[in-house]
Amino acid sequence: MKNKEPSQQLIIEGAGCASCVGKIESAIQSTAGVVSAEMNFADRTVMVSGTAHANELIKAVESAGYNAKLLDNAKADQILDEKEAADWEYYKKLLRDTFIALSLGIPLMIYGLFIGEMTVVTTTERISWLIVGIATLGVMYFSGKHFYVGAWNSFKNHSANMDTLIAVGTGTAWIYSMVVVLSPDVLPFLARHVYFEATAMIIGLINLGLALELKARGKTSQAIKRLIGLQAKTAIVIRDNKEVEIGIEQVLENDVVKVKPGQKVPVDGEVVDGHTAIDESMLTGEPIPVEKNVSDQVVAGTLNKSGLILFRATRVGKDTALAQIINMVKKAQNSKPPIGRLADSISAYFVPAVMIISVLSALAWLNFGPEPAIAFATVSATTVLIIACPCALGLATPMSVMVGVGKAAEAGVLIRNGEALQTASKVTAMILDKTGTITEGAPKVTDIVLANATDEKSVLQLAASLENGSEHPLAEAILESAALKKIELLKIQSFKAITGQGVKARCEGKSLLFGNAKLMAEEDVDLTGFTGRAQSLAKEAKTPMYFAVDGELAAIIAVADPIKHDSISAIKRLQANGIKVIMLTGDNRETAAAVALKVGISEFYAEVLPEDKASKVKELQNLGEIVGMTGDGINDAPALALADVGFAIGTGTDVAIESADVTLMRGSLHGLADAIAVSKATLRNIKQNLFGAFIYNIAGIPVAAGVLYPVFGILLSPVIAGAAMAFSSLTVVSNANRLRLFKSRES
Amino acid sequence: MLIANIVGLATIALIIWWFWLYKPEAKNALKTDVEVIVKDGVYSPALINVPTGKPIQLRFTRLDESPCAEMLLIPELEISEQLLVNKETEIVLPALTIGEYKFHCQMNMYKGLIRAI
Ligand SMILES: [Cu+2]
């Protein structure tokens, strides 16, 4: 530790001119405990040294008329670096421990197997084994200290863990061997055998297992590392008409940030100048770069591909979408699905139970075993303690969840917690909202069928002028179509909206009518020859509207909400998984039927009011289905909340992160299929792990106790038990890592 | 032989009593700011009594390098926090209602209990 005053850094808001510097500095300096305060005007930070509390400093700045907050130095990537450095240190320590223990254990084992007997008969043998015993004690101290200290500490707390088992197991073997060496006379002649090699080997092997496990564990957090790595380190902001490069943690809200092509967007914001294409695939999984113009949103962590932009920071620091995603993924990675609870409740009883079995096994050998019974009893008791592995049980669920949730995040799927993960894997019925989920959610003019009018352009001009100001979603489509063709709008008089029918108005002396067949009938417009055409348009999931000028039909304008290009294949993927796919929509029956037919959904409900969506969910649940609901998170919130799993579909990164069980960051329904696939794969992985860990312990412990001995004459050596135990937890972590290879998308 | 059997059964009885039947008593007074050391496989204190209705600050210092000690979870409160070696990590709990809140590592090897009374 360096003997230095502690220092902290504050970010100052509202300091507009250089003269503020002195004011702020003196305000801070007059706070008790401050040794010095130095402000950097370019990046609006003050470095304060001294023992004053941050809150006091902030108060002082505020009383001088500015806002301040503490600069959070523990940035995510720093934490990550520190963690990796600590892990690396620990890894080296474990390998060193392994080396020390094995360099005693392996020669001893070779001696016992091929060269001599490990029994104590002569005085010379006693002396040499005493030296070996002391060397083993050295190994126990240097390489195994953490097991013994950990065991003792948890014992004091009335709890027991793997350390307890290792400490008691290796301790028993060593004490027995020392008794053989120091006072052989208390033991029968045949039982005078030493097990120093077992103690040394077990400590070595378990340290080796822990080292390898640590390495494997590092890989389980790859996804979160990748997300954290997306953060830019610095940002160029414009302050006082000058460009300054500052750390991203110093960017304030409303700062104007400049991003050049090839650079990462440092914080969230709204474009104020320039246009570009931005690659958002790292967050959304959407491969095609997104065009950004003035007033579009940009998101931290995404990559600017082509143009230079200036944007105004709207969310900085912990509030950016990326920071929230990282936070959420981290949280979800550490939450446990219900399937893991059994293992948890078992682990509370596991270690003491193993200790009891170990004692019982020793008693059985003492009472019924062959001579030398006491040696057999010791070996079996030790082996039972060593082979039992509570950590394999403990690791089974968290390791898979860690990898699975991370893998999902890579595909742009944010899973809220372990429970959502597990339920998502069991969904039997999936309700899809039509608008915005299956379809783009933005209607477009698809057809203009001319009747008495002569050209599309004039029809569109009049129709658009008429619809200008109307808030109907179909009106928007027509206006957009007119805008695309650069058609000027005309002035409208005596506008009148007729609910459920359409609109009427006058324009340049003509009377205009725009609406459905009902409106036309009421206004005596002759539709002869065109109703058939309108019907066939409706069958194609389009909404036909009649447009009449001066009482005569001018044209039919059809508007449709196009189906997303990959909805069909994504729905196929869901159905291939055995999931019943159901469509809900507020649209009319005809449109709904046409869309359902096109995307291959046989069960659909049309004209469903938003408030009835939730009752549809309930209905399906009452039929015993596990219901997933996919919608846009705003209109569908009640249904999303009621469903067993709610999937909120977002477009881009503009997502309601807090609202749903699962958030799909990209608009494509493949995200949904990915979410189901990842959760299924993760659950399968967890089951494999749990099964493996249970079977390992259920089979291993009795064999170690010697149940095979009466029939087959097999009794495990404690060394083999040590190896088995070390590699059982390694296997669990490695199996979880297999999930990383999981490919969610069908290629 | 008889002695060995008696010793064995007594050991079993002791294990059952010590690990399962014994109910620990928390000694610390009600505090809203608690320091917890993570070292050698345990949290100390492992049993924390806190008052209800007030936000609680827990300051964890992890002195244990084992990867098990890395994550601190309080499932009931949906809290999961990464603890850095040789660093203090502050966790602020919301005002609690009366009850018991377990905290543990990711593998449930390190265990502790917060009792809001
Ligand atoms: Cu283990």
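Because the model is predicted, local features need pLDDT of at least 70 and side-chain atom pairs count only at pLDDT 80 or more, while totals for chains, interfaces and linings use all residues; side-chain values use heavy atoms, with hydrogens and water left out.

**Stop 1: the copper ion**

Select the copper ion and show A:Met162 (SD), A:Cys389 (SG), A:Cys391 (SG) and A:Met725 (SD), its protein donors at 2.1 to 2.6 Å. Donors here are N, O and S atoms within 2.8 Å of the metal (3.2 Å for Na, K and Ca), and since water is not among the atoms, sites may look incomplete. The 4 donor atoms subtend angles of 72 to 178° around the copper ion, so the arrangement is square planar (for four donors, opposite ones over 155 degrees apart and all others between 65 and 115). Along the sequence, the donor residues follow the spacing M-x226-C-x1-C-x333-M. Now pick out A:Cys391 in helix H12 (residues 390-410) and A:Met725 in helix H25 (residues 718-738) of chain A: this pair links distant parts of the chain, 334 residues apart. Helices (H or I, at least four residues) and strands (E, at least two) are DSSP runs, numbered from the N terminus. Both A:Cys391 and A:Met725 are buried, that is, under 20% relative accessible area, where exposed means over 50% and partly exposed in between (1.4 Å probe, protein chains only).

**Stop 2: A:Ser728**

Stay in helix H25 of chain A and select A:Ser728. A:Ser728 is buried, at a relative accessible area of 9%. Setting aside neighbours within four places in sequence, A:Ser728 is in contact (heavy atoms within 4.5 Å) with A:Cys389, A:Ala392 and A:Tyr696.

**Stop 3: two helix pairs**

Next, colour H12(A) and helix H23 (residues 670-705) of chain A, which pack at about 165° with axes 9 Å apart. The axes are lines fitted to C-alpha atoms, for helices over the stretch in contact, and angles run from 0 to 180 degrees between N-to-C directions. That angle makes H12(A) roughly antiparallel to H23(A) (over 145 degrees). Residues making the contact include A:Ala392 and A:Ala396 of H12(A), and A:Asn685 and A:Phe694 of H23(A).

Then move to helix H5 (residues 162-182) and helix H11 (residues 373-387) of chain A, packed at about 160° with axes 8 Å apart. H5(A) is therefore roughly antiparallel to H11(A). Among the contact residues are A:Gly169 and A:Tyr176 of H5(A), with A:Thr378 and A:Leu385 of H11(A).

**Stop 4: A:Val272**

Select A:Val272 in strand E8 (residues 268-273) of chain A. A:Val272 is partly exposed, with 38% relative accessibility. Not counting residues up to four places away in sequence, A:Val272 touches A:Val294, A:Leu310, A:Phe311 and A:Arg312.

**Stop 5: two loops**

Most residues other than glycine have a negative phi. A:Asp550, not a glycine, has a positive phi of about 50°; look for A:Asp550 in the loop between strand E20 (543-549) and strand E21 (552-560) of chain A. A:Asp550 is partly exposed, at 47% relative accessibility.

Finish at A:Glu607, in the loop between strand E23 (603-605) and helix H21 (610-622) of chain A. Phi of A:Glu607 is also positive, near 55°, and A:Glu607 counts as exposed at 52% relative accessibility.

How values were computed. Residues are numbered from 1 along each chain as its sequence is written. Chains are lettered from A and ligands numbered from 1 in the order in which they are written. Four donors count as tetrahedral if all angles lie between 85 and 135 degrees; four count as square planar and six as octahedral if opposite donors are over 155 degrees apart and all others between 65 and 115; anything else is irregular. Angles under 35 degrees count as roughly parallel, over 145 as roughly antiparallel, 65 to 115 as roughly perpendicular and the rest as oblique.
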